[in-house]
Amino acid sequence: MTSINIECVVNERYRIGESPVWEEKEGVLVYVDITGQKVCRWSPKTKQTESVSVEAPVGSLGLRKSGGYVLAMGTSFSALDWKDKKVTTLACVDEDKPNNRFNDGKVDPNGRFLAGTMSQEIRPAVVERNQGSLYTLFPDHTVLKHFDMVDISNGVDWSLDHKTLYYIDSLSYAVDALDYDVRTGKSSNRRHVYKLEEGEGIPDGMCIDAEGKLWVACYNGGRVIRIDPQTGKRLQTVKLSVDKTTSCCFGGADYSEMYVTTACDGMDEEQRQRQPQSGGIFKITGLGVKGIPPNEFAG
Ligand SMILES: O=C(O)[C@H](O)[C@@H](O)[C@H](O)[C@H](O)CO
Ligand SMILES: [Zn+2]
C-alpha cells in the first residue's frame with residue numbers, strides 16, 4: 001500500500017477552477033476558470049500553464065475528436081480551436097433566461113456533450129432557484145433537454161456499463177442516478193443514490209473510477225469523497241488544505257493520479273491568507289485506484 005500524497009501543482013488563484021480533463025495525446029490537464037473566463041492547460045512535463053480568455057463564463061469543457069475543445073459557455077455550446085484561440089458557437093440554450101450560464105459538463109461514451117445551466121450566482125452557492133436545466137449537445141449540434149427546475153447543475157458521469165447517468169444538482173445535497181440509454185442519449189427515472197452528511201459540504205464535480213465508484217468534490221467541504229452508488233455508502237474521504245474543492249478527474253500515467261480543481265471566489269482577505277492555495281490545482285497520488293480515459297465529442 002502506498003500512502004496518499006497531495007500536492008498543489010498549479011499555485012494560481014483561479015476564481016473558480018473547474019472541469020478538469022486529462023488530454024492524453026498532449027499529456028496535459030485541461031480545465032476552466034469559470035468566472036475568470038479562461039480555458040487553461042497545464043503540462044506536468046514543463047510545469048507551465050497556458051490559457052485562452054473567452055468572452056463569457058465558461059462552465060466546462062470536453063475534448064473534441066476533430067481537435068480542440070467543446071465548451072459550455074455563457075448560454076451556448078461552443079467549439080474552441082486551441083491554436084487559433086477561436087471560439088465558434090454551435091448551439092444556444094435558455095434564450096428566455098438572460099441571467100443563466102452553463103456550469104459543469106462532460107462528454108458521454110457515445111461522443112455527445114452533456115452540460116447543465118444555472119442562474120448566475122449572487123454569491124457562491126447562492127442563486128435564484130430552479131432556473132437551470134440539463135442538456136445534451138449531439139454531434140450534429142442539435143440539443144436535447146433532459147429536465148429543468150435545477151438549482152446548480154453540476155457533476156455528471158456514467159457507470160462503466162454506460163446504463164446509468166450520475167448527476168449532481170448541488171443544492172439538493174445529493175448524488176442522483178438516472179437510467180441512461182446510450183444509444184439515444186435519453187435519460188429517465190431520476191433518483192438519489194447518496195445524500196451528503198452534515199459537514200461534508202456541497203456536492204460539486206465528480207468522476208467515476210475504474211471500479212465503478214464515484215469521486216465527488218465537496219465545495220466548502222475541503223475534500224473529495226468516494227462513494228459506492230450501488231449501496232449508497234461512503235467508502236473514503238480525502239481531505240485537502242483548502243475548503244473550496246470544486247471537481248476532480250483522473251489523469252497522468254495510466255490514469256492513476258487524481259487532479260482536483262479549487263476556487264477562491266467569495267473568500268475574504270482573512271480566509272485567503274488562511275488558505276493561500278485556494279484556487280490552485282492539486283494532484284493526489286497513492287489512491288490505489290485508477291480512472292478511465294475521458295470521452296471525446298464526436299461533432
Ligand atoms: O463550480 C461550480 O460548479 C459553481 O459554478 C461554483 O460556483 C460552486 O462550485 C458552487 O456554488 C457550489 O455548488
Ligand atoms: Zn461545479
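Met206 lies in strand S18, where strands, like helices, are DSSP runs numbered from the N terminus (helices: H or I, at least four residues; strands: E, at least two). The structure is a predicted model, in which local features need pLDDT of at least 70 and side-chain atom pairs count only at pLDDT 80 or more, whereas totals for chains, interfaces and linings use all residues. Residues are numbered from 1 along each chain as its sequence is written, while chains are lettered from A and ligands numbered from 1 in the order in which they are written.

Met206 counts as buried because it has 26 C-beta neighbours inside 10 Å; a residue is buried if 20 or more other C-beta atoms lie within 10 Å of its own, exposed if 12 or fewer, and partly exposed in between, with C-beta atoms placed from the backbone. When residues up to four places away in sequence are not counted, Met206 touches Gly155, Asp157, Tyr166, Ile168, Leu214, Trp215, Val216 and Ala217, contact being defined by C-beta atoms, placed from the backbone, that lie within 7 Å. Between Met206 and Ile4, which are 202 residues apart along the chain, the C-alpha separation is 19 Å.

Positions from UniProt are given in the numbering used here, with feature names shortened, and the annotations may be inferred rather than shown by experiment. Asp204 is classed as buried because 29 C-beta neighbours fall inside 10 Å. Its contacts, leaving aside neighbours within four places in sequence, are Asn154, Gly155, Ser170, Ala217, Cys218, Tyr219, Thr246 and Ser247.

Under "binding site", the unreviewed UniProt entry lists Glu18, Asn154 and Asp204. These residues are spread over 187 residues of sequence but cluster in space, with a largest C-alpha distance of 10.2 Å. Glu18 belongs to strand S2 (residues 17-23) and counts as buried, because it has 28 C-beta neighbours inside 10 Å. With neighbours within four places in sequence left aside, the contacts of Glu18 include Tyr31, Asp104, Gly205, Thr246 and Ser247. Asn154 is placed in strand S14 (residues 153-158) and is likewise buried, with 32 other C-beta atoms within 10 Å. Beyond four places in sequence, Asn154 is in contact with Asp204, and also with residues including Asn103, Asp104, Ser170 and Gly205.

Ligand 1 is surrounded by 15 residues, of which the closest are Ala125, Ser170, Ile202, Asp204 and Tyr219; a residue is assigned to this shell if its C-beta atom, placed from the backbone, lies within 6 Å of the ligand. The shell divides into 7 nonpolar, 4 polar and 4 charged residues, where Ala, Val, Leu, Ile, Met, Phe, Trp, Tyr, Cys and Pro count as nonpolar, Asp, Glu, Lys and Arg as charged, and the others, Gly among them, as polar. Strands S10 and S18 each supply at least two residues of this shell.

Strand S10 is also part of an open sheet of 4 strands, in the order S10-S11-S12-S13 with antiparallel pairing, pairing being assigned if DSSP finds at least two bridges between two strands. The edge strands, each pairing on one side only, are S10 (100-107) and S13 (143-150). On average, neighbouring strands of this sheet are turned by 20° against each other, direction ignored, as judged from axes that are lines fitted to C-alpha atoms, for helices over the stretch in contact, with angles running from 0 to 180 degrees between N-to-C directions.

The antiparallel pairing of S10 with S11 (residues 113-119) extends over 6 bridges, and Arg101 has Met118 in S11 as its bridge partner. S11 and S12 run antiparallel and are joined by 4 bridges, with Ala115 opposite Tyr135 in S12. Strand S12 (residues 132-137) is largely enclosed by the rest of the structure, because 6 of its 6 residues are buried. In a regular strand, side chains alternate between the two faces of the sheet. In S12, Gly132, Leu134 and Thr136 point one way and Ser133, Tyr135 and Leu137 the other way, and all are buried. Another 5 bridges join S12 to S13, again in the antiparallel sense, and Leu137 is partnered by Val143 in S13. S12 and S13 form a hairpin with 5 residues between them, and His141 in the turn has a positive phi of about 75°.

The unreviewed UniProt entry assigns residues 16-263 to "domain: SMP-30/Gluconolactonase/LRE-like region". Over these residues, the chain is 0% helix and 59% strand, and the end C-alpha atoms are 4 Å apart.

Key:
Contact = placed C-beta atoms within 7 Å.
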